[in-house]
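Please look at the model below from one end to the other before reading on.

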Amino acid sequence: MTNQRMDKTSLKFLREWFKKNAAELPWRLADLDAPRDPYAVWISETMLQQTQVSTVREYFIRWMKRFPNVEALAAAEESEVLRYWQGLGYYSRAKNILKTARIVAEHKEFPFTRKELEALPGIGAYTAGAILSLAYHQREAILDGNLVRIFSRLYALDFLPTDKKSKSATSAPIDVYWNYAREVADSPKAYMHNEALMELGRTVCKIKNPECANCPFHADCKAFAENRVSEFPPSKKHVQKDWHGTVLIIESRDHKILAIHGGQKFFKNQFTLPHFESPRNATAGIPAQAETFVGPDQIESVKVIGKFHHGITVHKIECDVLHIQTNSKAPASRNAEIQWVDIKHAQDFFANSFCLKALALL
Ligand code: SF4
């Protein structure tokens, strides 16, 4: 690599490496030069954010069988879409996918400019670049964790794109990384360069134990040449927050569970079980929070049925679970924020692992 630039020879090595090593994936065509379906690129790339390829594989196959195109997805109910997403986490992604599908179906055409794509719910710079390069073969850049790791090591960048500023770069860190990504994409083969780098990051230039001997860049990689691979990229300062709370499973006499929409710590935009911050080791008293939903004279029994651990974004959660049995039938829902769900359908209704872990203790 001359002057720390990705030159044509390096990119040729990268393409050759990719043609020999590209894994068979359900969203990848056998012909690596063939343009892809923008819908399939969008779904797979959104699923792959924060999730391993091995996990996404089955989810993607199941999803494409049920929602083979944007029209089928646009016509689906949100509860069904969330069920097909269940287990992938970050449920706002599934909700945004549905919103975007409805917008695209109405316009009867998948957008093909970065501006139009990035205006859609849930589509950011990375996903837009992936759709434009992989589906439309445009010279558009992408930047994900894999590319960040490769660029950091190739050029020995001692900062992350998320850093506010860097001592060793004159431009903003994010611009330094995007400039490298744009160089790679400034080619009629941008689609292959982008995908090959993602694959290289996943299989060779891995977070731990990179396989430098099998890397098409090993002759040019600064971190490798200086025997400093483990120093790049620099580690992120992680702030993890402990959160302890109580989840309420309020069950009516006719076996319906109270679901609430909004006003809760987690899952602000979907139905969830009522929950609130509390000290460890709940006792079987009636918490004041329960009285928001049922009067004390309606409560037949309160039992602590266990606890569970869960992780949501930066929160390391531990929750006690209280089962509150009422002595009356579920009332007709008074407003859109409260729903009583038949216990037989609760597993399907509460499409997030937080609630499912609580319900599993019943
Ligand atoms: Fe990554 Fe090693 Fe290749 Fe450098 S030589 S890009 S550290 S795999």
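**A helix and its surroundings**

Helix 6, which has 16 residues, reaches 23 Å from its first C-alpha to its last, and this is close to the 22 Å expected at 1.5 Å a residue, where the expected span is 1.5 Å times one less than the number of residues. Helices here are DSSP runs of H or I with at least four residues, strands are DSSP runs of E with at least two, and both are numbered from the N terminus. The model is a predicted one, in which local features need pLDDT of at least 70 and side-chain atom pairs count only at pLDDT 80 or more, while totals for chains, interfaces and linings use all residues. Residues are numbered from 1 along each chain as its sequence is written.

Which residues of helix 6 are buried? They are Ala-94, Ile-97, Leu-98, Thr-100, Ala-101 and Val-104, where a residue is called buried if 20 or more other C-beta atoms lie within 10 Å of its own, exposed if 12 or fewer do, and partly exposed in between, with the C-beta atoms placed from the backbone. These buried residues of helix 6 pack against helix 2 (38–48), helix 4 (70–74) and helix 5. Just after helix 6, Lys-108 takes a positive phi of about 60°.

Helix 5 covers residues 78–85, and its buried residues are Val-81, Leu-82 and Trp-85. Seen down the axis of helix 5, these buried residues fall within an arc of 100°, so they line one face of the helix; the arc is that of the directions from the helix axis to the C-beta atoms. Helix 6 (92–107) is included in what covers the buried residues of helix 5. Just after helix 5, Gly-87 takes a positive phi of about 110°.

The chain holds 14 helices and 7 strands, and of its 362 residues 34% count as buried. Its C-alpha atoms fill a box of roughly 80 × 45 × 35 Å, taken along the principal axes. Two residues are in contact if their C-beta atoms, placed from the backbone, lie within 7 Å, and among the contacts in the chain with a separation of 6 or more, 66% are accounted for by residues 24 or more positions apart.

The domain assignment gives domain 1 (8–231) and domain 2 (241–359), with bounds that come from an automatic or database domain assignment. The centres of the two domains, taken over C-alpha atoms, are separated by 37 Å. The contact between them takes 8 residues from domain 1 and 7 residues from domain 2. On the side of domain 1 that touches domain 2, the elements that give two or more residues are helix 5 and helix 6, and the largest share, 3 residues, comes from helix 5.

**Strands and a partly exposed residue**

How is strand 2 joined to strand 7? Strand 2 (residues 256–261) and strand 7 (residues 338–342) run antiparallel and are joined by 5 bridges, where two strands pair if DSSP finds at least two bridges between them. Within this pair, Ala-259 stands opposite Gln-339 in strand 7. Strand 2 is also joined by 2 bridges to strand 3 (residues 271–272), again in an antiparallel arrangement, and there the bridge partner of His-261 is Phe-271 in strand 3.

Ile-338 has its place in strand 7, and it counts as partly exposed because it has 17 C-beta neighbours inside 10 Å. Leaving aside its neighbours within four places in sequence, Ile-338 is in contact with Leu-258, Ile-260 and Ser-333.

**Backbone details in the loops**

Most residues other than glycine have a negative phi, and most peptide bonds are trans. Against that background, a cis peptide bond, with omega of about -15°, joins Phe-232 and Pro-233, and Pro-233 lies in the loop between helix 12 (222–225) and strand 1 (241–251). Ala-156 has a positive phi of about 50° although it is not a glycine; this residue lies in the loop between helix 9 (145–154) and helix 10 (173–185). His-255, found in the loop between strand 1 and strand 2, has a positive phi near 60°, and it counts as partly exposed, with 15 C-beta neighbours inside 10 Å.
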